[in-house]
Amino acid sequence: MPKQKVWVDTLIGDTHVGHKTAICHPDMPDGYVQNKYQRWLYENVFAGTFLPELKDFLKSYRSKTTHVIYGGDMVERDWKSRNKENEMWSRDYRESVPNAIKLLKPLTAMADYIHVIKGNQAHSGASGEADELFAYALPHEKVVKNSSNRWIHDVAYYKVGDLLIQAKHKGKNKSKKN
């Protein structure tokens, strides 16, 4: 297949870093050790399949623009849980946000542009503060801010060539020709 100029969208969301059943980086704070489900998600799905396949795909193109969309609920705040202490390995953003940043560092490094979508208020807080803190911890030069100069979007819109891309946390993500 000949090399061609392309753009690449990569969407990942609902990582819920901070919850005991969610993916997390193996380098954990305060001696917490990944449980077997977290280890399996990290080793087999994220680091074992997703990242290598994406890297191979990107290598096959000489010229590309890569948009990474972090699709909300990247860090778990879990406002709805009745049994919060048993479900979370951390309710402290000073632990969960850096772990999410470390987890997604390889993907962030591949990005030319990063769009962060606000997640569900039951998971990321009423105003999306968990996702906003996550977005603020990313490399500022890559993050596309919204029209109000905030770090997160309710719905992200951006143009790639003659396509207008719409990305949001829940519902259909769309693209249409202008």
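Predicted model: local features only at pLDDT ≥ 70, side-chain atom pairs only at ≥ 80, totals over all residues.
Local features require pLDDT of at least 70 and side-chain atom pairs count only at pLDDT 80 or more, while totals for chains, interfaces and linings use all residues. Residues are numbered from 1 along each chain as its sequence is written, and side-chain values use heavy atoms, with hydrogens and water left out.

**Exercise 1. Determine how helix 3 and helix 6 are oriented to each other.**

Solution. 
1. Helices (H or I, at least four residues) and strands (E, at least two) are DSSP runs, numbered from the N terminus.
2. The axes of helix 3 and helix 6 come within 10 Å and cross at roughly 55 degrees. Axes are lines fitted to C-alpha atoms, for helices over the stretch in contact, and angles run from 0 to 180 degrees between N-to-C directions.
3. Angles under 35 degrees count as roughly parallel, over 145 as roughly antiparallel, 65 to 115 as roughly perpendicular and the rest as oblique; helix 3 and helix 6 are therefore oblique to each other.
4. Helix 3 contributes Y93, V97, A100 and I101 to the contact, and helix 6 contributes E129, A130, L133, F134 and A137 (contact: heavy atoms within 4.5 Å).

**Exercise 2. Identify the buried residues of helix 3 and the helices against which they pack.**

Solution. 
1. Helix 3 spans residues 93-103, and its buried residues are Y93, E95, S96, V97, N99, A100 and L103. Buried means under 20% relative accessible area, exposed over 50%, partly exposed in between (1.4 Å probe, protein chains only).
2. These buried residues pack against helix 1, helix 4 (105-110) and helix 6.
3. At the start of helix 3, a side-chain oxygen of D92 lies within 2.8 Å of the backbone nitrogen of R94.

**Exercise 3. Describe the pairing of strand 4 with strand 5.**

Solution. 
1. The two strands run antiparallel and are joined by six bridges; pairing requires that DSSP finds at least two bridges.
2. Y158 stands opposite I165 of strand 5.
3. Two residues separate strand 4 and strand 5 in the hairpin, and G161 in the turn has a positive phi of about 60 degrees.

Key: Polar contact = N/O pair within 3.5 Å; in protein donor to acceptor, adjacent residues only side chain to side chain.
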